[in-house]
Amino acid sequence: MGRNASGIYIIDEDYNVVSYNRTAAKIYPGLKKGEKCYKCVMNNDRPCSECPVLNKIEGPKTYLDSVRKILASVDAVETELWNHKRGYAMVVSVVADSERLSDTIMGKNDDLRFLGVINVLGSDYCNIYSVNRKDRSVQIYRFRGHAMGVKEALDRNNDYETAVGAYIEQNVLSEDQGKLRQALAFENACQRLTGASQFTVHYRVKRDGEIHYFYVKCVRVGEAENFESIVFAFANEDSDVQRYEMEGLLEPEGTAGRRKVLVVEDNELNREILCELLKKDFDVLTAEKGEEGLKLLSEYYRYISAVLLDVCMPVCDGFEFLERIKDDTLLSSIPVIVTTGSNKQEDEERCLELGAVDFVTKPYNRRIVIARLNSVIKFRESAAVLSAVEYDELTGLYTKQAFLHHAKTLIRYRSNQEISFIVADVRNFKWINSVYGEKTGDNVLVYIGQQLRKYIRGGLISRYGSDQYVCAVYGEHDSFFEDIDEKVKSISADAPVPNLVINYGIYCNIDKSLPVTLICDRAFLAMKSIQDDYERRVAFYDEEMSCKHIRDRMLENDFEAAVANNEFVAYFQPKYDVKTEKIAGAEALVRWIKPDGTMIFPGEFIPLYEKDGLIVKLDECMFRQVCSIQKQRIEHGEKIIPISVNLSRASLHYRGMVEKYVEIVKDTGIPFSAVPIELTETAALYNTKIKELTEKLVQAGFQLHMDDFGSGYSSLTSLDMLPFNVLKLDKSLVDFINHDRGRQVIRHTIALAHGLGMKVLAEGVEEKEQKETLKKLDSDEIQGFYYSRPLPYSEFEKLYMEI
Ligand code: C2E
Ligand code: CA
Ligand code: CA
């Protein structure tokens with residue numbers, strides 16, 4: 001059977017097989033029309049627990065088929081049968097087969113959930129094993145030495161009881177051996193785990209003459225009635241305490257953030273001690289009596305992370321408390337740590353039997369209480385995360401966490417196949433929400449999920465962020481890329497709202513050695529490259545983007561130092577009077593000159609700095625340079641011509657900008673006319689805020705030049721509305737001057753500008769012919785390579801001297 005096989009079989013609502021394709025028959029040779037699918041596929045007597053139909057879950061589900069030793073992904077799609085009844089198409093693909101499974105930790109009878117539990121246990125535990133309930137075979141997930149005898153016993157016959165026996169005998173302090181043996185006897189552990197999903201046993205280990213405090217956590221993998229295996233995780237409590245303290249130092253809020261803990265304790269003094277001890281790390285609720293505690297618990301169970309319960313209380317004591325919550329699935333999911341003064345082994349045992357997950361003894365040791373609380377909370381929360389966070393509630397797609405987890409698996413098992421990542425991001429989703437309402441917003445999100453599912457069969461699809469999706473596709477499923485533009489168009493065209501714009505970023509044939517999040521980043525990078533592009537919807541990632549990304553980060557990182565180091569230098573491009581052909585002014589243009597002499601042009605960093613706001617500082621820096629040059633000339637009694645500076649819109653909007661620039665001019669003592677300000681002409685210019693700001697600049701005494709007129713967003717209305725003195729015709733217009741229509745546009749623009757009392761300067765003039773025509777069309781000034789390129793001050797100074 002090919003590893004990439006994917007099959008489809010159709011069932012009716014009662015799970016009867018209606019038909020199937022050849023690939024499905026290859027994967028499941030037992031498939032038979034008319035029979036229950038769970039019978040002929042899995043030899044079960046009822047629908048399989050993983051079945052997507054049963055689970056009413058949309059989106060593929062991965063499970064381990066232990067009969068055929070394959071890891072398969074199965075998805076269900078509702079369809080109409082020939083008799084118009086409802087049915088389901090089951091889409092199955094093999095993610096990995098036995099050949100590959102055997103060399104991984106998933107080799108034996110474990111399923112993905114087990115992997116999940118292991119993942120969550122993380123690095124806190126030194127040794128982790130799982131034991132299969134049926135044959136008691138042991139699987140080592142992590143073994144970090146120290147535990148004497150275990151490895152040898154396992155190597156010999158891989159039997160749980162022998163290994164545990166050896167461990168206890170060779171490591172555990174003799175006083176604690178009996179209790180640990182009792183607790184870890186497999187049947188006893190199973191028994192206990194039908195009542196609670198986890199329990200902890202503490203014991204001491206003697207090593208190198210020193211006593212170490214250890215505990216083992218036992219957690220069932222699966223539901224109470226029929227769990228398949230138990231995970232045993234061993235840890236050293238001393239290092240636990242140290243770790244939590246370290247984390248506490250790093251995170252002033254405490255490791256568990258502000259979780260709520262309920263303290264049930266009748267003795268006032270003890271209650272106060274506990275509150276005092278916990279209040280730095282937790283929000284503490286207290287109850288004096290068992291009864292009261294139960295009431296608080298049922299009221300606030302959603303918010304309570306753990307309970308500290310005194311066993312000895314009058315009326316409703318700890319045992320009764322535990323007994324009463326035992327049968328309530330909601331309440332019993334909250335971990336209860338029992339506080340006891342006795343240290344009596346029977347008490348400890350009885351509590352564990354009733355479902356307490358751990359205990360602490362009086363007098364309390366703060367570090368131990370906190371560490372144990374944190375440990376049970378973490379354990380519980382991670383277990384909850386596993387089941388609850390797999391699917392996104394709204395769209396039914398994988399959540400981000402689930403996606404990251406499954407994508408990792410996918411990448412590992414598809415090592416010989418190309419995998420590609422696709423990200424999709426709704427442009428202006430906030431706007432959709434506010435215009436059409438949140439309900440429609442939700443519909444849009446659901447709709448996009450459905451569309452992606454329609455086009456991406458068998459890959460992984462997730463809702464990655466509020467309005468973002470990430471998909472992983474592989475092998476034959478990447479037909480998404482065929483006619484991609486058509487698909488993208490149709491997704492937008494049939495959407496619940498008009499003009500839905502979705503940007504896609506695609507990272508083809510991913511580098512499988514990278515972490516999944518980095519792979520996603522690359523796809524996002526591609527997507528972001530077209531964020532401001534109104535024509536392209538799909539962008540493919542390439543190495544260049546990564547390079548640009550890295551380069552951009554470098555340009556940003558180096559900025560401050562470059563400013564301090566005076567690496568941003570003004571160059572000067574002269575402006576010529578058309579009639580006299582004499583120099584009439586200049587424009588300051590920034591150049592970044594690195595210490596090694598290399599020059600970076602503004603096209604590379606200005607757009608970046610405009611986005612991240614650094615431009616504000618850069619503009620001011622240029623402005624100061626120009627002011628100080630003008631000042632020097634005045635001080636030397638020389639004539640000056642205006643040297644204009646560019647001001648980006650971000651700078652204009654910066655609070656206090658006008659006041660600051662006025663102050664700089666006044667401080668240097670030059671006339672305002674010596675430093676005209678160039679502002680880009682865009683449609684956005686025409687709004688009241690801009691009008692206000694520009695008027696303020698003019699009132700202060702500045703001259704304003706409208707830059708880049710005709711470059712795309714020009715609006716003639718703004719010519720009239722805003723107080724500009726000079727209109728700069730953009731190079732793109734000048735380039736068309738030899739065409740009839742181009743010449744007409746320029747002629748009329750010049751006439752209009754003159755009519756409004758503005759001068760006209762033509763930019764980017766490179767040829768004599770252009771200059772001649774502009775002269776005829778009555779342009780006032782010309783700037784361009786025809787006369788001069790932007791020059792460093794040393795060269796510009798020579799020209800400047802001649803005036
Ligand atoms: P801009 O303000 O439109 O400046 C004119 C650009 O056209 C300059 O490019 C100049 O070198 C170039 N140019 C001038 N004459 C010719 C010509 O005849 N042919 C051609 N092909 N190009 C010509 P530069 O210096 O690379 O600057 C690019 C842009 O960067 C500027 O466009 C401006 O928007 C921005 N910029 C430069 N310095 C600053 C600054 O200090 N602050 C801000 N905010 N932006 C700046
Ligand atoms: Ca300019
Ligand atoms: Ca310009």
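This is a predicted model: local features need pLDDT of at least 70, side-chain atom pairs count only at pLDDT 80 or more; totals for chains, interfaces and linings use all residues.

A: Residues are numbered from 1 along each chain as its sequence is written, chains are lettered from A and ligands numbered from 1 in the order in which they are written, and side-chain values use heavy atoms, with hydrogens and water left out.

Start with the whole protein. Its secondary structure comes to 32 helices and 29 strands. Both are DSSP runs numbered from the N terminus: helices are H or I with at least four residues, and strands are E with at least two. Of the 803 residues, 51% count as buried. Buried means under 20% relative accessible area, exposed means over 50%, and partly exposed lies in between, with a 1.4 Å probe and protein chains only. Among contacts between residues at least 6 apart in sequence, 61% join residues at least 24 apart. Contact means heavy atoms within 4.5 Å.

Now the metal site. E587 (OE), N646 (OD1), E678 (OE) and D707 (OD) coordinate the calcium ion (ligand 2), at 2.2 to 2.3 Å. Donors are N, O and S atoms within 2.8 Å of the metal, or 3.2 Å for Na, K and Ca; water is not among the atoms, so sites may look incomplete. Along the sequence, the donor residues of this calcium ion (ligand 2) follow the spacing E-x58-N-x31-E-x28-D. E587 belongs to strand 22 (residues 583–593) and D707 to strand 26 (residues 704–709), so the pair ties together parts that are 120 residues apart in sequence. E587 counts as buried, at 3% relative accessibility. D707 is buried as well, with a relative accessible area of 6%.

D708 is in strand 26, while E763 is in the loop between strand 28 (759–762) and helix 31 (768–776); they are 55 residues apart, and the pair links distant parts of the chain. D708 is partly exposed, with a relative accessible area of 22%. E763, in contrast, is buried, with a relative accessible area of 13%.

A762 counts as buried, at 0% relative accessibility. Setting aside residues up to four places away in sequence, A762 touches L729, V734, L774, S779, E781, I782 and Q783. A762 and K728 are 34 residues apart in sequence, and their C-alpha atoms are 5.7 Å apart in space.

A helix pair gives further context. Two packed helices are described by the angle between their axes and the distance between the axes. Helix 24 (residues 615–635) and helix 32 (residues 793–801) pack at about 40 degrees, with axes 14 Å apart. Axes are lines fitted to C-alpha atoms, for helices over the stretch in contact, and angles run from 0 to 180 degrees between N-to-C directions. Helix 24 and helix 32 are therefore oblique to each other; angles under 35 degrees count as roughly parallel, over 145 as roughly antiparallel, 65 to 115 as roughly perpendicular and the rest as oblique. In this packing, I629, Q630 and R633 in helix 24 meet Y793, Y800 and M801 in helix 32.

Finally, some backbone details from other loops. The peptide bond from K362 to P363 is cis, with omega near -5 degrees, and P363 is in the loop between strand 15 (358–361) and helix 15 (366–388). R136 is not a glycine, yet has a positive phi of about 60 degrees. R136 sits in the loop between strand 6 (127–132) and strand 7 (138–142).
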